[in-house]
Amino acid sequence: MHRRARSQEAKLRRAEDLLEAAGTLAARLGGVRHVTLAAVTEAAGLHPSAVRRYFASKEELLLELAERGWGQWCDTLTARLAGARGLTPPETAAAVGTTLASLPLFCDLLTHVPLSLEGEVDIERARRYKTRSFAAYDTIVDTLTATGAMTAEQVHDLIAAALGMTANLWQLSHPTPTLARLYAQEPRWAHAALDFEDRLVRLLQATAVGLASAGGPSL
């Protein structure tokens, strides 16, 4: 029994090593799209074949990071708004935008989850991701509704806008080396390499003001 416990602890530690390596590589290489299982296992100090003992695929590994990202965003947002009351719609939007921007890996993964990650794992792994991400989502909605002047329906719409904007703007503001060279050659196109956090917060504040002024539930 004691030996089995140590074995399980070692397995969990190796899985954590792989996840940490994937996050580090994504930051160093310019995004999760450049991360490969071979590079992850090498960075974690494991044999290339060992990763299959912990994650069935690269998609499953990255989906685990996305799942954790939801928890991190939830924790970051609730900590920031602890004790807050009566936030205006722009203040609520700023809290959403700045806390998202503080989690660059999660911002990057928001693009990939619906495109390739959650649809490329088995149904039980997809179910676990949905269950945990929606639990975090519900807590975020409750927190924003309790601390601000926006209704729950308006908060749902604000978060939907935030997720979509984040997924798109993050990629635009972190161009590939090829696009970075192109923008240097064609400065008139460089507006695509925009400042991520400032633009995200401005757009979310405008969205929040519009939602609040419209009033009532979303259609």
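Q: A pocket is an open set of points on a 1 Å grid over the protein atoms alone, where a 1.4 Å probe fits, with protein on both sides within 12 Å along at least five of seven lines. What is the volume of the largest pocket?
A: The structure is a predicted model, in which local features need pLDDT of at least 70 and side-chain atom pairs count only at pLDDT 80 or more, while totals for chains, interfaces and linings use all residues. Residues are numbered from 1 along each chain as its sequence is written, and side-chain values use heavy atoms, with hydrogens and water left out. Grid points are joined across faces, edges and corners, and a volume is the space filled by probe spheres set on the points. For the largest pocket this comes to about 350 Å³.

Q: Which residues that line the largest pocket are the closest to its centre?
A: A lining residue has an atom within 4 Å of a point of the pocket. The largest pocket is lined by 19 residues. The closest to its centre are Gly23, Ala26, Pro104, Leu105 and Phe106.

Q: Which helix gives the most residues to the lining of the largest pocket?
A: Helices (H or I, at least four residues) and strands (E, at least two) are DSSP runs numbered from the N terminus. Helix H1 (2-29), helix H3 (58-80), helix H5 (104-117) and helix H7 (152-172) each supply at least two lining residues. The one that gives the most, with five residues, is H1.

Q: How many residues in the lining of the largest pocket are charged?
A: Asp, Glu, Lys and Arg count as charged; Ala, Val, Leu, Ile, Met, Phe, Trp, Tyr, Cys and Pro as nonpolar; and the others, Gly among them, as polar. The lining holds eight nonpolar and seven polar residues. Its charged residues number four.

Q: What share of the residues in the protein chain is buried?
A: Buried means under 20% relative accessible area, exposed over 50%, and partly exposed in between (1.4 Å probe, protein chains only). The protein chain has 219 residues, and its C-alpha atoms fill a box of roughly 60 × 55 × 30 Å along the principal axes. The buried share is 42%.

Q: What percentage of the contacts with a separation of 6 or more joins residues 24 or more positions apart?
A: A contact means heavy atoms within 4.5 Å. In the protein chain, the share from residues 24 or more positions apart is 70%.

Q: Why does tryptophan 70 count as buried?
A: Tryptophan 70 is found in helix H3. Beyond four places in sequence, tryptophan 70 touches Phe106, Tyr129, Ser133, Ala136, Tyr137, Ile140 and Leu163. Tryptophan 70 counts as buried because its relative accessibility is 7%.

Q: How far apart are the C-alpha atoms of leucine 77 and alanine 95?
A: Leucine 77 lies in helix H3 and is buried, with a relative accessible area of 0%. Its contacts beyond four places in sequence are Ala95, Val96, Thr99, Ile140 and Leu144. Leucine 77 and alanine 95 are 18 residues apart along the chain, and their C-alpha atoms are separated by 7.0 Å.

Q: Which residue makes a side-chain polar contact with histidine 112?
A: A polar contact is a pair of N or O atoms within 3.5 Å; within protein, one must be able to donate a hydrogen and the other to accept it, and residues adjacent in sequence count only if both atoms are side-chain atoms. Histidine 112 is found in helix H5 and is buried, at 15% relative accessible area. Leaving aside neighbours within four places, histidine 112 is in contact with Val32, Arg33, Leu117 and Gln171. Its side-chain partner, at 3.5 Å, is aspartate 108.

Q: Which side chain is joined to that of glutamate 118 by a polar contact?
A: Glutamate 118 is found in the loop between H5 and H6. Its contacts beyond four places in sequence include Leu63, Val113, Ala126 and Tyr129. The polar contact, of 3.1 Å, is with lysine 130.
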